[in-house]
Amino acid sequence: MKALPLAVLLLASGSALANDAAILKCRAVSDVAARVACYDAIPVGAARPAAAGAPVAAAATAEEHFGMEAVKQREAQPKSVQSTIVGSFDGWGPGSQIRLANGQVWRVIDGSDAVLAPRNDVKVSIERNLLGTIFMRVDGTNASAKVRRVQ
């Protein structure tokens with residue numbers, strides 16, 4: 001009578017062991033988007049690993065997703081992103097949204113404000129500190145703001 005539950009458990013674990021190779025393959029992928037696509041390609045509940053020729057979603061660069069990660073896997077993310085604010089820029093206030101030349105949009109979330117001398121095409125650096133907080137630093141000034149990526 002005790003052998004039946006044990007047999008059921010062994011059968012269930014067999015399919016999990018069969019997918020270990022696919023999981024290990026995905027774990028070795030360094031790009032976050034490609035790794036997630038690899039995991040998504042593993043059949044759920046199937047007793048065989050994903051086919052070697054399974055389509056994988058186009059991998060985006062880590063810089064394009066900086067600040068937008070749903071799961072905080074910061075070791076795969078760059079420590080900073082450099083870009084420019086296209087056009088005239090003279091500072092920010094609480095809640096300001098700042099669009100960068102690379103297409104990213106960042107919102108000031110710390111209630112800070114800065115009034116700067118108007119300049120065109122200002123270089124900025126978006127940096128993550130040791131605790132994971134993201135700051136925008138304006139080139140040529142000591143001004144910085146705590147920001148969160150919106151787009």
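Which residues of strand 6 (residues 144-149) form its covered face, and which form its uncovered one? In this predicted model, the covered face consists of Ala145, Val147 and Arg149, while Ser144, Lys146 and Arg148 make up the uncovered face. Helices (H or I, at least four residues) and strands (E, at least two) are DSSP runs, numbered from the N terminus.

Residues are numbered from 1 along each chain as its sequence is written, and side-chain values use heavy atoms, with hydrogens and water left out. As the model is a predicted one, local features need pLDDT of at least 70 and side-chain atom pairs count only at pLDDT 80 or more, whereas totals for chains, interfaces and linings use all residues. The pLDDT is the predictor's confidence in each residue, from 0 to 100, and the chain averages 77, with 70% of the residues scoring at least 70. Over residues 46-59 the pLDDT stays under 50, and for this stretch the model has 20 contacts beyond four places in sequence, where contact means heavy atoms within 4.5 Å.

Strands of a sheet pair through backbone hydrogen bonds, either parallel or antiparallel, and two strands are taken to pair if DSSP finds at least two bridges between them.

Several of these pairings can be followed residue by residue. Strand 4 (residues 114-128) and strand 5 (residues 134-138) run antiparallel and are joined by five bridges, with Glu127 standing opposite Phe135 of strand 5. Strand 5 is in turn joined to strand 6 by three bridges, again in an antiparallel arrangement, and Met136 has Ala145 in strand 6 as its bridge partner. The hairpin of strand 5 and strand 6 has five residues between the strands, and in this hairpin Gly140 takes a positive phi near 85°. Three bridges also join strand 3 (residues 105-108) to strand 6, the two running antiparallel, and here Val108 stands opposite Val147.

Arg148, on the uncovered face of strand 6, is partly exposed at a relative accessible area of 47%, given that buried means under 20% relative accessible area, exposed over 50%, and partly exposed in between (1.4 Å probe, protein chains only). Leaving aside neighbours within four places in sequence, Arg148 is in contact with Val105, Trp106, Arg107 and Ile109. Asp121, found in strand 4, likewise counts as partly exposed, at 45% relative accessibility, and Asp121 has a positive phi of about 50° although it is not a glycine. Most residues other than glycine have a negative phi.

Two serines are buried. Ser83 lies in strand 1 and has a relative accessible area of 12%, so Ser83 counts as buried. The side chain of Ser83 reaches the backbone nitrogen of Ala101 at 3.4 Å, and beyond four places in sequence Ser83 is in contact with residues including Leu100, Asn102 and Val122. Ser112, in the loop between strand 3 and strand 4, is buried at 18% relative accessibility. Its side chain makes polar contacts with the side chain of Trp92 at 3.1 Å and with that of Asp110 at 2.7 Å; a polar contact is a pair of N or O atoms within 3.5 Å, of which, within protein, one must be able to donate a hydrogen and the other to accept it, and residues adjacent in sequence count only if both atoms are side-chain atoms.

At the start of helix 3, a side-chain oxygen of Asp31 reaches to within 3.4 Å of the backbone nitrogen of Ala33.
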